[in-house]
Every structure is written in structure tokens, then in C-alpha cells.
Amino acid sequence: MHPSSTAHPLALLCRVGFEPDLIDELRAWFAARSLVVEIHSAQEAVVRVAAVAVAPRLAELVFARDLLVVEQELSDLDVKDRVTPIGRALGLVGAFAQLVMLTPDSESTKPLAPLLTALEARLRKQATATGDDSAASVWMLSGTHALVGRPPADGGARYPGGVPRLKFPRGAPSRSTLKLDEAFQVLLTEAERSALLRPGLTAVDLGAAPGGWTYQLVMRQMRVTAIDNGRVDATLMASGLVTHLREDGFRYRPARPVDWLVCDMVEKPGRVAELVARWFASGWCHAAVFNLKLPMKKRFEAWLQALQVLRPLAAKQHIRARQLYHDREEITVAVVPTELRRALAPVGAGSARDGKRSRVEPAPTGKTRRPDSPSGKTGGKRSRAEPAPTGKARRPGSPSGKTGGKRSRAEPAPTGKARRPGSPPSKTGSRRSRTR
Ligand SMILES: C[S@@+](CC[C@H](N)C(=O)[O-])C[C@H]1O[C@@H](n2cnc3c(N)ncnc32)[C@H](O)[C@@H]1O
């Protein structure tokens, strides 16, 4: 929660069709603080909250992709000159180093892309070198309706509008590979990515076929046991880092603890939450990312029920959940240890924004070693739950055989073009850009 000296309305973005779920979630957030606030959605993918002095952090919300503290609303722009009034509104917002311009991700706003480009070219001149990364945002809800404001005090979405520009890796066997990549970028801090996504670590992928999630782990040189009756991609198997077992993901037990559990099985959310809770309670894994497929109705309630099951894990783990851009009728949950080893997670390693992402626990200090590591040495040489790879490990799709393990995957370079990544889950395209 962040208090504001002045009450401002909020605008939030979500996946089209999930406005009622975000409204349920916001109502619950305010009700928990004995506040009754007017919340509504008059437009696809957009939820509005009446002026409030306290607002949730984006990291506290599962169904919100981005959040704007609205300082100026221009609802009747003259199409002959939109630049002057928006520029004036930006002037009232105060100095900023970055300008973020976007439209909601929906069919009706798709045609606004050229307008956004033209407006941005004119308005970005107002950004100044403020010596920080202060941002101002313009959300074009339509051709004549603009919201002007700032991201919340603790930072807005990691990617403007919550739309990441992740490149579909050549050679990945399924598009859902982007889901796990996005989860790593959005739900983990930088320190956690360096500590927990390293060559030599071990993982179990439940419901792995054809291997999109396994691919993300293997490209980071991790050893994966892929559990699925279905076929796992042959190139992935040739990496020598994958062991494929045709077993039931709900019955499988690792011979020894692994670093990661990832799970994309299509099952009731409560059943998956129980499975993950059992893995942690049994000490079979140290971190997890999993998908919860949500029912058609009462999706926020379904998440709350799953969270109840996961709650005991919050004593030692951060639990973070978000409906990611690449998620459809589902949300993605990350469970990561609160204590990362000192050598791998020096204090202050994460960005300021990253550091405030925890939903349940404070941001990791990174001062301690893994509970199961007596020496505090890196995990590459222990916790070998799975058979050693048979062949020389190479990155799938990498003809050179270079491992790429030292290449930081933490911050995929944006292309610089305001375009939608690969083939996204919905056919709509939110146009967004961030300029200095
Ligand atoms: C959405 S797909 C997974 C896609 C995969 N994450 C990827 O990126 O390619 C779900 C998979 O879960 C598997 N599955 C469903 N129930 C399972 C179970 N009880 N045990 C093992 N696998 C299961 C299905 O066979 C299916 O391949």
C-alpha cells in the first residue's frame, strides 16, 4: 500500500474479459482496509477507481497489468489538436525523465497505434534529464480521451502496459515457452534471477510436453526431468540435459530435492496448489513457477482458495502471482525462497522496482545461504536429483554448442520497436512505448 498526500483516481489495465475479476480483487483490497470505493469498468481492459488517498501496489494485485495514478483526464479532445492539451496536462504533472505512452490492449484501441506514434513523437520533447527515472504516462483510452499521470510511487509495471517484448526463441517447441520466460522476468527480482537461474541447477517440469517450459530451463543450462505422457521435442532431448519420464505428475516423486519445480498441467487450481504445497513441505524443491488454470466464473475467489493452500509456504518463501501477458484463462504463480545465498545475491543487487515486488514477504536481503547448502557454495554441484546427461550439453537451437550460461537472460533487450511480441495470446495489440 502506498499513501498519497493527495487523493487521485486510479486507472488499471487487465486482460480483456478479466475486468470483473480485477474489480473483485480491488474491492477486496479496499474492503480489507475498511474502505468503500467506487470501482467500475466502462471499457474493455480498463478498470477505474475513484479518487483514493491509498492505493494498492501493482505487486499486490494479480489481475492488474499496469496501474496509473491519474492526475489529469482529458475526455473530449479536439482531433484537430490533441498535442497542445496533452502537453499542457503533462506540464502540470511536473518534470519527468521518461514518457510512457500506451493504449489498452483491446480490439477497439488497436487502430490507435499510428496516432500514438505521432503523438509520442511530439510529446517526448517534454521529457527532461531529471537525474532519475521519473516517468509520466499518457494512456490513450480512445482518439479523444487521454489519461495523464504517473506510475504509482513504487514503480509501475516492469513493461509498459504489462506487455513484455519477449522474443520467441527459434527452436522452442511451443509458444507457451514465453509464459515461463515472462514469469522469470516479471515475478522474480534481478537478484533472484541471478541466484536461481544458473547453469547446473536442477528442475522438474510437470506436464512438460512438448517442452516449451523445459526449453527455458535448458537454455539456462539447467538439468530437467520432464514429466509427461506426451512426446518431448527431439532437439530438446538431444541437448543431453533432459530426462523424459512418462509418469503421472501428481504421483511422481523426485529421488532427491531439485532446485526448481515448474508445472503447467491443466488441472483444477486447488489440486495444483496442493501439489506444489506438498513439494515444498516435503523439501523436494526450493523454488517453483506454476500455472493455475482458472474457472470461467469467480476467478478471484479461485485464486484466494489456492492462496489459502499455499499460505503456509509464506513463512520461508515469497509467493507472487500475476496474470501475465502470455497467460490466457490462467494466472502464473512464483514461489521463491526469501533467503538467497550471499555470494549470489549481494545486497542491493535488485533494481528498486524489483525490490518492492513481494506480495507476502519483504524483499529478499540476499544475505544468507540456501538452507540445504552446508557450505554455501553454489548449487551446481549438489542436489543432483536426476540422472546425469548422456551427451554434451548444448543450448537447443545453438549451432555453436556454446552454453550461453553466462549470458544474462535477466533483461531481454527490447527491440526498440513498439510492436507486439511474436504471436501473443490475444489478437489485439496494445501500442506502447517509453521514451526519454
Ligand atoms: C499446457 S500443456 C504443457 C505445455 C508445456 N508447458 C510447454 O511449454 O510445452 C499441459 C501438459 O500437461 C500434461 N499433463 C496433464 N495432466 C498430467 C499429469 N497428471 N501428469 C503428467 N502430465 C500431465 C499434458 O499431457 C500436456 O502435455
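Trainee: Which residues does Glu330 touch, leaving out those up to four places away in sequence?
Mentor: Asn291, Leu292, Lys293 and Leu294. Touching is contact: two C-beta atoms, placed from the backbone, lie within 7 Å. This is a predicted model: local features need pLDDT of at least 70, side-chain atom pairs count only at pLDDT 80 or more, and totals for chains, interfaces and linings use all residues. Numbering starts from 1 along each chain as its sequence is written.

Trainee: How far apart are Glu330 and Leu294, in sequence and in space?
Mentor: They are 36 residues apart in sequence, yet 5.1 Å apart in space, C-alpha to C-alpha. Glu330 is found in strand E14. Strands (E, at least two residues) and helices (H or I, at least four) are DSSP runs, numbered from the N terminus.

Trainee: Is Glu330 buried or exposed, and how do you know?
Mentor: Count other C-beta atoms within 10 Å of a residue's own, all placed from the backbone: 20 or more is buried, 12 or fewer exposed, in between partly exposed. Glu330 has 20, so it is buried.

Trainee: What makes helix H4 "mostly covered"?
Mentor: In H4 (residues 177-187), 10 of 11 residues are buried. Among them are Lys179, Asp181 and Glu182. Its buried residues pack against several elements, including helix H5 (190-196), strand E11 (258-263) and strand E14 (330-337).

Trainee: What makes a nonpolar core, and which members of the largest one touch the most others?
Mentor: It is a set of buried Ala, Val, Leu, Ile, Met, Phe, Trp, Tyr and Cys residues joined through C-beta atoms within 7 Å. The largest holds 113 residues; Trp260, Leu261, Val262, Val276, Ala288 and Val335 touch the most other members.

Trainee: Which residues does Val276 touch?
Mentor: Beyond four places in sequence, Val276 touches Leu261, Cys263, Ala288, Phe290, Leu310 and Val335.

Trainee: What is the mean pLDDT of the protein chain, and how many residues reach 70 or more?
Mentor: pLDDT is the predictor's confidence in each residue, from 0 to 100. The mean is 82, and 77% of residues reach 70 or more.

Trainee: Where does pLDDT stay under 50?
Mentor: Over residues 342-431, for which the model has 185 contacts beyond four places in sequence. Where pLDDT is low, predicted coordinates should not be read in detail.
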